[in-house]
Amino acid sequence: MSFLNSLLFDIYPYLAGTVFLVGSWLRYDHGQYSWRAGSSQIFDKKGLRIASPLFHIGILGIFFGHLVGMLTPHWMYESFLPIAVKQQLAMVAGGVCGLLTLVGGAMLLKRRLTNARVRATSSVGDILIMTLLVLQACLGLGTIPFSAQHMDGSEMMKLVGWAQAVVTFQGGASAHLQGVALIYRIHMLLGMTLFLLFPFCRLVHIWSVPVEYLTRRYQLVRNRH
């Protein structure tokens, strides 16, 4: 069990991270024509106006919430944000964003599976990645009752310790997970697996967020007379 724990939470994070970065770079360099979101809006817009915003708002909230909450050193916020309050904030904000992701994702997955035109243009990878994202949202929401048993934030700080040990290349990061509930471990493993699969599916379009549109000059378009 010690070897398995080390393999999954000491070694696997770096394997997934390497594939994520190198795979994304190679696909961008050699697979430009596949670098797209693969939108199916043209086939059927029904339900997208609700499902897509719910899903994207929820998943962006989850991503940045995890990024800031897990990787910000404790000393940067301890003077104004006690660990117990951070725990409550994580449960509430994470719960809301998780529900948005779950509802929106489930609607998108149902559409992709039941709409004949959309299903015909969907790859196995499209369906797999959406299924995994919905499952991951379920697991994330499932951790809330376990977090509620440790309102002092002690369980959360174990996860934070592991994440910060991994990104700072400290050895033995898995030691921080001593006594952590199984559902957290499954949630973490699936999260790392999503990063591992990232370069091989439609998720690569995340790299192409059009940030430059926020600073570019307005374009004046005139009608033809």
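Trainee: Are Phe20 and Phe198 buried or exposed?

Mentor: A residue is called buried under 20% relative accessible area, exposed over 50%, and partly exposed in between (1.4 Å probe, protein chains only). Phe20 is buried, and Phe198 is buried as well. Across the 225 residues of the chain, 36% count as buried. Keep in mind that this is a predicted model, where local features need pLDDT of at least 70 and side-chain atom pairs pLDDT 80 or more, while totals for chains, interfaces and linings use all residues. Residues are numbered from 1 along each chain as its sequence is written, and side-chain values use heavy atoms, leaving out hydrogens and water.

Trainee: How many aromatic pairs does the structure hold?

Mentor: Rings of Phe, Tyr and Trp (its six-membered ring) pair if their centres lie within 6.5 Å; planes under 30 degrees apart are stacked, over 60 edge-to-face, and the rest tilted. This structure holds five such aromatic pairs. In one of them, the ring centres of Phe9 and Trp162 are 6.4 Å apart and the planes stand at 80°, so this pair is edge-to-face. Phe9 sits in helix 1 (residues 2-30) and Trp162 in helix 7, so the pair links distant parts of the chain, 153 residues apart. Both Phe9 and Trp162 are buried. Phe20 and Phe198 make another edge-to-face pair, at 4.9 Å centre to centre with 75° between the planes. Phe20 belongs to helix 1 and Phe198 to the segment after helix 8, so this pair ties together parts 178 residues apart in sequence.

Trainee: Which residues form one aromatic cluster?

Mentor: Phe20, Phe195 and Phe198 do.

Trainee: You keep mentioning helices. How many helices and strands does the secondary structure of the chain come to?

Mentor: Helices (H or I, at least four residues) and strands (E, at least two) are DSSP runs, numbered from the N terminus. Here you will find eight helices and zero strands. Along the sequence, the pattern reads α-α-α-α-α-α-α-α.

Trainee: How far apart are the end C-alpha atoms of helix 2?

Mentor: The expected span is 1.5 Å times one less than the number of residues. Helix 2 (residues 48-71) has 24 residues and should span 34 Å; its end C-alpha atoms are 33 Å apart, which agrees.

Trainee: Which residues of helix 2 are buried?

Mentor: They are Leu48, Ala51, Phe55, Gly58 and Gly69. Their cover includes helix 3 (83-114), helix 5 (124-142) and helix 7 (154-167).

Trainee: What about the surface: which residues form a nonpolar patch?

Mentor: A patch is made of residues with over 30% relative accessible area and no salt bridge; like charges are joined within 9 Å, and nonpolar side chains (Val, Leu, Ile, Met, Phe, Trp, Tyr) within 5 Å. Here the nonpolar patch consists of Leu60, Phe63, Phe64, Leu67, Val68, Leu71, Val167 and Phe195, with about 700 Å² of accessible area together (areas by the Shrake-Rupley method with a 1.4 Å probe; for residues, only the protein chains shown count as cover). Helix 2 gives the patch its largest share, six residues. Leu71, placed in helix 2, is partly exposed, with a relative accessible area of 33%.

Trainee: You mentioned salt bridges. How many does the structure hold?

Mentor: Side chains of opposite charge can pair when their charged atoms come close. The cut-off is a side-chain nitrogen of Lys or Arg within 4 Å of a carboxyl oxygen of Asp or Glu. There are two salt bridges here. One joins the side chains of Asp126 and Arg202 (3.3 Å, N to O). Asp126 lies in helix 5 and Arg202 in the segment after helix 8 (182-197), so the pair ties together parts 76 residues apart in sequence. Asp126 is buried, with 13% relative accessible area, and Arg202 also counts as buried, at 18%.

Trainee: And where do Glu155 and Lys158 lie?

Mentor: Both are in helix 7, three residues apart, so about one helical turn separates them. Glu155 counts as buried at 6% relative accessibility, whereas Lys158 is partly exposed at 26%.

Note on methods. Contact = heavy atoms within 4.5 Å.
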